[in-house]
Amino acid sequence: MPHRSRSSHHVRPHISRAALVNLALVGLVLYILVPAFGGLEQTLHVLQRADAEFIGAAIILITVNFGVAALIYVLLAPRSIRFRPTLCVQLAGGFVNRLLPAGLGNLGLNALYLMRHGHSAGAAGAVVATNNVLGILGNVLLVTTALVFSSVSIPNIQVPQPSLLIVVGMAAVGAVLFLLAQRMKRSAPLIHKALQDAVQNMHLYEQRKLRLLAALVCSMFLTALHAAAIYAVARALAVELHPAQALFAISVGAFVGAAVPTPGGLGGAEAGIVATLVAYGVPYHLALPIALGYRLITFWLPLIPGMIMLHIVEKKYL
């Protein structure tokens, strides 16, 4: 009987866990973004007749937005963190947020970054939570100011019917939340401890009131940048908007985008913006291009740079 050499044994191919994760990530990106390319094509077609100077101004405003977002985290972090890597993390969030609903990807990315740079899980959670609270508070303060000092009133918005993408997204997120709830039963003590740690770290801001106030001002500036961007897109399409109307449009768009569980608020944010502009008397055939142009700048343009930056952030800062 012939001797069988060791080298002739069949070797099973090995696929690393990282390769599987990357493959799943690519599949998720294609599943989420490919169906939306029709809207992207429509946006590009509409913007061909837009004023390039105003579109360029809107792009600059949204670019500055990433720097302000990084500054907020630098101000809120209990331990010193550098501005440059924090900015890189915000740029990477421009890609991660396209995969998960309601900004969840960016929240997780920032929390992980903080933990990699000397913060406990509770401290990182406190910083991320405070950032979100300041964002909401800053938006409310700006909207209240607009109501008091301008002649613009709250629009009477007609809520549109949910699209198939939103319905499917809600079902998918519901299934994910159910699976997470099943797994979290065994992790309940750890989660409880992390929440306690986060609440305790909130007290750190009692001695950092000036930084907290500065972060609130920056959060208000973030909202103002987005309002200015949609105002610039409207001007690019020869539509006159009051600045307060632009503020209400992005506020409603952000709220609807966060309420519907689609990646990056896709579909929901556009519907909220269009409904608000139409309520203010902007014809639908102009309101839709404004919303699509604004979302081109805030959703689509950061996608490729964010993907590249995520790779850099993973290598250097996480």
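# Working through a helical chain

At 1.5 Å a residue, the 17 residues of α12 should span 24 Å, and that agrees with the 22 Å between its end C-alpha atoms. (The expected span is 1.5 Å times one less than the number of residues; helices are DSSP runs of H or I with at least four residues, strands are E runs with at least two, and numbering starts from the N terminus.) The model is predicted, so to speak with care: local features need pLDDT of at least 70, side-chain atom pairs count only at pLDDT 80 or more, and totals for chains, interfaces and linings use all residues. Residues are numbered from 1 along each chain as its sequence is written, and side-chain values use heavy atoms, leaving out hydrogens and water.

**Exercise 1. Describe the chain as a whole: how many helices and strands does it have, and how much of it is buried?**

- Step 1: count the elements. There are 13 helices and 0 strands.
- Step 2: look at burial. Of the chain's 318 residues, 42% are buried (under 20% relative accessible area; exposed is over 50%, partly exposed lies in between, with a 1.4 Å probe and protein chains only).
- Step 3: The chain exposes about 18,100 Å², with carbon and sulfur atoms supplying 68% of it (areas are from the Shrake-Rupley method with a 1.4 Å probe).
- Step 4: check the contacts, meaning heavy atoms within 4.5 Å. Among those with a separation of 6 or more, 77% join residues 24 or more positions apart.

**Exercise 2. Which residues form the salt bridges, and are they buried or exposed?**

- Step 1: The whole structure has 2 salt bridges (a side-chain nitrogen of Lys or Arg within 4 Å of a carboxyl oxygen of Asp or Glu).
- Step 2: take one pair. Arginine 235 and glutamate 240 have their closest N and O atoms 3.6 Å apart. Glutamate 240 is exposed because its relative accessible area is 60%, while arginine 235, at 28%, is partly exposed.
- Step 3: take the other. Arginine 295 meets glutamate 270 at 3.0 Å, N to O. This pair links distant parts of the chain, 25 residues apart: arginine 295 belongs to α12 and glutamate 270 to α11, residues 268-279. Both arginine 295 and glutamate 270 are buried.

**Exercise 3. Follow helix α6 from its start to valine 148.**

- Step 1: begin at the start. There, a side-chain oxygen of serine 120 comes within 3.1 Å of the backbone nitrogen of alanine 123.
- Step 2: check the length. The 29 residues of α6 reach 42 Å from first C-alpha to last, close to the expected 42 Å.
- Step 3: Valine 148 counts as exposed because its relative accessibility is 57%.
- Step 4: Leu147, Val148, Phe149 and Ile154 make a nonpolar surface patch of about 450 Å² (patch residues have over 30% relative accessible area and no salt bridge; like charges are joined within 9 Å, and nonpolar side chains, namely Val, Leu, Ile, Met, Phe, Trp and Tyr, within 5 Å).

Methods
A polar contact is a pair of N or O atoms within 3.5 Å; within protein, one must be able to donate a hydrogen and the other to accept it, and residues adjacent in sequence count only if both atoms are side-chain atoms.
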